[in-house]
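Colleague: I would like a close look at one part of this model. Please keep to the pockets and what surrounds them.

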Amino acid sequence: MDAVPFNRPFLTGKELEYITEAVYSGKLSGNGKFGKLCQSWFEMRFGIEKALLTSSCTDALEMTALLTDIEPGDEVIVPSYTFVSTANAFVLRGAKIVFADSEAQTPNIDVSKIEGLISPRTKAVVPMHYGGVACDMDPILELAKKHEICVIEDAAQAIGATYKGRALGSIGNLGTFSFHETKNIISGEGGLLAVNDDDMIKRAEIIWEKGTNRAAFWRGEVDKYNWVDVGSSYLASELTAAFLWAQLQFFDRIQEKRLAVWNFYREGLRPLEEAGKIRLSYIPEYASNNAHLFYILCADLTERTALIKHLKKKEINAVFHYISLHASPFYKDKHDGRELKNSDRYSDTLLRLPLYYDISDDMLCIVIDEIKKFYR
Ligand SMILES: *Cc1c(COP(=O)(O)O)cnc(C)c1O
């Protein structure tokens, strides 16, 4: 039997055609034909006010830190169970990160804990939709309104998923997406900033274009372009956009296929859950499923380590996920010492199974059988 990789980037077959077109068009830098096509696709499909293609989700997150004027000493509330960029983007501006725990039912931020973490210095809260499963956004929006703080959705994993029917990434003041090769829709590296707050659109374009008003200049709104604000080079090139455009054409098919794989796992592993051996992911009623990842929860760290080893012996690559950021070498001394039990529990017990577009039913059966064998 062949090894089962954890991930395999899916190619639609159109990527090179569009890249070739971009190469011969004579326009290779950002915000060209393909960039604009991708951006309008996001705007129309997900009801985003303004979409800006970036070189990564990390870039898009850094833009949100600039847009919300984070200054040294400001506080930003971030779940501890997340990717490092969710926090790093704000640390770069000198922010103090106030880590929140996960819910018991999902790795998402525990909304009931947020208000207790808000101080006069709090500028933003950054819900991250783990595995594309929505955080409970309504109470977060209410708190944000009450305390006048910004809501920034880290929707890196959440393309196509919804909260009460609304697209993730379109709900907060700002949202960010990733097209890293491990995500549902890819461009190697790549990301997108969703600006849902009209008041921030102009400034977002300026920050995106190195602090200049070049975007307005191209539209003929100003007669020369100038350095007008802080900014950096956050645009994705047309080569990246061309690749991404090929992927977006296949969006529905990719999502459908991933969901079929996800359901296959769920059906196959449900007996183990019913027997109380493992827990499967919980999807609240308000959330849809974009099948970004499939995970199981083991009883404890020892069991998970043994299961990974068992699968590895069969050349099945299953991997754990985040080490809680509050306990990371970089942040543990800066963290305020609060215990974040659920976050730590997910760090110890969550195991992600191989999930990619063209994983075969045979391979899925083998993975499921080996997990069952382990628990027998
Ligand atoms: C993948 C990911 C990122 C970073 O995306 P890049 O495009 O690689 O910068 C940020 N946050 C979360 C939650 C992610 O999963």
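Which element gives the most to the lining of the largest pocket?

Modeller: H3 gives the most, with three residues. Some ground rules come before the rest. This is a predicted model, in which local features need pLDDT of at least 70 and side-chain atom pairs count only at pLDDT 80 or more, while totals for chains, interfaces and linings use all residues. Residues are numbered from 1 along each chain as its sequence is written, and side-chain values use heavy atoms, with hydrogens and water left out.

Helices (H or I, at least four residues) and strands (E, at least two) are DSSP runs, numbered from the N terminus. A pocket is found on a 1 Å grid over the protein atoms alone, as an open set of points where a 1.4 Å probe fits, with protein on both sides within 12 Å along at least five of seven lines. Lining residues have an atom within 4 Å of a point. Grid points are joined across faces, edges and corners, and a volume is the space filled by probe spheres set on the points.

The largest pocket holds about 490 Å³. It is lined by 28 residues, and Phe83, His180, Thr182, Lys183 and Tyr322 are the closest to its centre. H3 and helix H4 (84–91) each supply at least two lining residues. By class, the lining has eleven nonpolar, twelve polar and five charged residues. Here Ala, Val, Leu, Ile, Met, Phe, Trp, Tyr, Cys and Pro count as nonpolar, Asp, Glu, Lys and Arg as charged, and the others, Gly among them, as polar.

Where does this pocket lie? Domain 1 (15–248) and domain 2 (251–375) both give residues to its lining, so it lies between them. The domain bounds come from an automatic or database assignment. The C-alpha centres of the two domains lie 26 Å apart.

Ile70 sits in the loop between helix H3 (57–67) and strand E2 (75–79). Its relative accessible area is 6%, so Ile70 is buried. Buried means under 20% relative accessible area (1.4 Å probe, protein chains only). Leaving aside residues up to four places away in sequence, Ile70 touches Ala65, Val76, Phe90, Arg93, Ala95 and Lys123. Ala124 is 54 residues from Ile70 in sequence, yet their C-alpha atoms are 8.7 Å apart.

Next comes strand E8 (residues 174–178). Five of its five residues are buried, so E8 is largely enclosed by the rest of the structure. Leu174, Thr176 and Ser178 cover one side, and Gly175 and Phe177 are on the other. Two strands pair if DSSP finds at least two bridges between them. Three bridges join E8 to strand E5 (residues 150–154), and that pair runs parallel. In it, Asp154 stands opposite Thr176. Five bridges join E8 to strand E9 (residues 191–195), and this pair is antiparallel. There, Gly175 stands opposite Ala194.

The second largest pocket holds about 340 Å³. Its lining has 19 residues, with Asn31, Lys36, Trp208, Glu209 and Ala215 nearest the centre. Helix H2 (33–46), strand E1 (50–54), helix H6 (198–208) and helix H7 (214–218) each give two or more residues. H2 gives the most, with four. This lining has five nonpolar, five polar and nine charged residues.

How values were computed. Buried means under 20% relative accessible area, exposed over 50%, partly exposed in between (1.4 Å probe, protein chains only). Contact means heavy atoms within 4.5 Å.
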